[in-house]
Amino acid sequence: MTTATAKSTADILIAKAQDRSALIGIVGLGYVGLPLAMEFARVGFRVLGFDVSKPVVDALGAGRSHVQDVASAEVVGFAKAGKFAATTDLSRLREPDVVSICVPTPLSKTKDPDVSYVLAATNAVKRTLRRGQLIVLESTTYPGTTRELILPALEETGLHVGEDFFLAFSPERVDPGNSKWNTHNTPKVVGGLTAACRRVAMAVYEPAIERLVPMSSTEAAELVKILENTFRSVNIGLVNEMAIVCDKLGVDVWEVIEAAATKPFGFMKFTPGPGVGGHCIPLDPHYLAWKMRTLNYRTRFIELAGEINAAMPEYWVGHVVDRLNEQGRAARGSKVLVVGVAYKKDIDDIRESPALDVIRLLQRRGAAVSYHDPHVRKLKDEAIDLSSLPLTPETVSTADCVVIVTDHSDVDYALVERCARLVVDTRNALATVRQRRQAR
Ligand SMILES: NC(=O)c1ccc[n+]([C@@H]2O[C@H](COP(=O)([O-])OP(=O)(O)OC[C@H]3O[C@@H](n4cnc5c(N)ncnc54)[C@H](O)[C@@H]3O)[C@@H](O)[C@H]2O)c1
């Protein structure tokens with residue numbers, strides 16, 4: 001392979017990105033992949049989405065988005081304009097010039113990384129890899145994944161990275177439900193396996209993303225994402241511990257945090273709650289912890305924050321039991337209404353939601369648990385099988401205790417305050433609404 005040819009392979013792809021003739025393939029059309037697909041389509045690329053789930057592909061084919069941040073009308077519009085199509089046929093991975101991998105990276109039961117989805121996607125890409133393709137991993141993972149797992153597999157084809165094909169890591173930072181920061185205006189970190197890989201990847205993302213942050217290596221880019229989520233996990237762990245400290249001291253933790261947040265420098269506000277949920281914060285730090293264990297190093301901050309955050313549902317259920325006890329009631333046989341089951345406000349995602357643990361722990365103590373969540377109509381997880389109740393004076397007043405687990409914006413907290421016999425508020429939602437009312 002001559003340098004001249006190597007240059008031309010990269011330059012051909014860069015030119016295709018610049019004139020939007022490159023076909024973009026997105027593997028995994030979930031919370032990350034679908035918004036990214038829409039962003040590429042919006043700036044004029046044709047996008048071919050791949051997913052192993054037939055229901056996901058069929059729904060998209062019928063013009064229905066299953067991701068809250070992507071409107072169905074948008075899917076329909078791009079499909080009609082010939083800018084977006086979805087398929088389960090992974091043999092078509094030969095067609096796109098760019099393949100962006102956005103598949104899940106969960107943990108195994110023993111909290112080790114489960115990279116089976118990344119491996120499956122890599123093998124699918126490998127089967128059809130051709131000269132001139134850029135492959136980008138977007139899934140959150142431990143430092144070293146792109147170089148140690150994906151590169152060797154792709155080079156088994158006989159093609160060489162940086163010359164025949166290009167490989168990069170660019171972590172997705174999407175924050176579902178965030179109306180200000182989206183895939184387009186959130187700066188995007190890009191690390192290439194080689195300088196040419198980074199150059200090509202930057203050229204491909206450049207039209208679709210407002211600001212790119214080039215990194216010196218894929219490992220550095222992989223670590224950025226883990227640092228961001230570890231930072232959140234550790235700080236949430238700290239304020240959760242502060243909530244327990246304040247409880248024991250008889251001090252209002254929310255008052256303390258609000259006052260600390262008036263310091264214009266050196267403090268960043270985090271709020272306590274029932275624990276952490278979602279696809280990122282409870283999982284990602286463990287990817288780094290696992291990697292560091294292989295290097296004989298224990299990441300103590302990660303483990304401690306994980307421990308404190310994971311214990312919060314138990315802490316809050318203890319509160320419910322104590323408050324019921326004060327009213328002469330046992331948890332067994334009590335009716336408990338959980339308000340909000342999504343892992344955070346204003347979204348419909350229940351993955352790793354602390355509400356699931358809260359419900360399980362209450363049920364284990366014999367409570368009759370029901371829930372209300374305007375975003376989650378049905379709740380099915382292991383032994384939990386419930387449907388959202390409407391929030392009415394009757395459902396609220398017949399509960400022995402109402403537990404606010406997720407502080408969705410569109411919940412009538414005034415109704416809860418007016419009708420509930422007892423409220424345990426893990427998010428300070430009632431006080432926030434009260435303050436807003438007083439400020440008016
Ligand atoms: N959800 C978030 O807020 C968020 C934010 C930033 C980063 N991430 C990371 O992005 C990655 C994807 O997360 P997500 O939330 O979009 O997951 P998701 O479960 O919403 O979507 C993943 C999709 O990939 C599909 N899939 C699985 N294996 C496949 C394969 N081999 N080939 C093709 N499709 C396959 C699934 O059917 C699913 O539709 C994860 O690594 C996650 O940690 C998620």
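User: Before we start, what does it take for a charge to sit over a ring?

Analyst: A charge sits over a ring if NZ of Lys or CZ of Arg is within 6 Å of the ring centre and within 35 degrees of the ring normal. This is a predicted model, where local features need pLDDT of at least 70, side-chain atom pairs count only at pLDDT 80 or more, and totals for chains, interfaces and linings use all residues. Residues are numbered from 1 along each chain as its sequence is written, and side-chain values use heavy atoms, leaving out hydrogens and water. One such case here is the charged end of Lys-188, over the ring of Tyr-205 and 4.9 Å from its centre.

User: How are the rings of Phe-40 and Tyr-205 arranged: stacked, edge-to-face or tilted?

Analyst: Rings of Phe, Tyr and Trp (its six-membered ring) pair if their centres lie within 6.5 Å; planes under 30 degrees apart are stacked, over 60 edge-to-face, and the rest tilted. The centres of Phe-40 and Tyr-205 are 5.7 Å apart with planes at 40°, so the pair is tilted.

User: Is Trp-290 buried, partly exposed or exposed?

Analyst: Trp-290 forms a tilted aromatic pair with Tyr-142, 4.8 Å centre to centre and 50° between the planes. Tyr-142 is buried, at 6% relative accessible area. Trp-290 has 25% relative accessibility, so Trp-290 counts as partly exposed.

Key: Buried means under 20% relative accessible area, exposed over 50%, partly exposed in between (1.4 Å probe, protein chains only).
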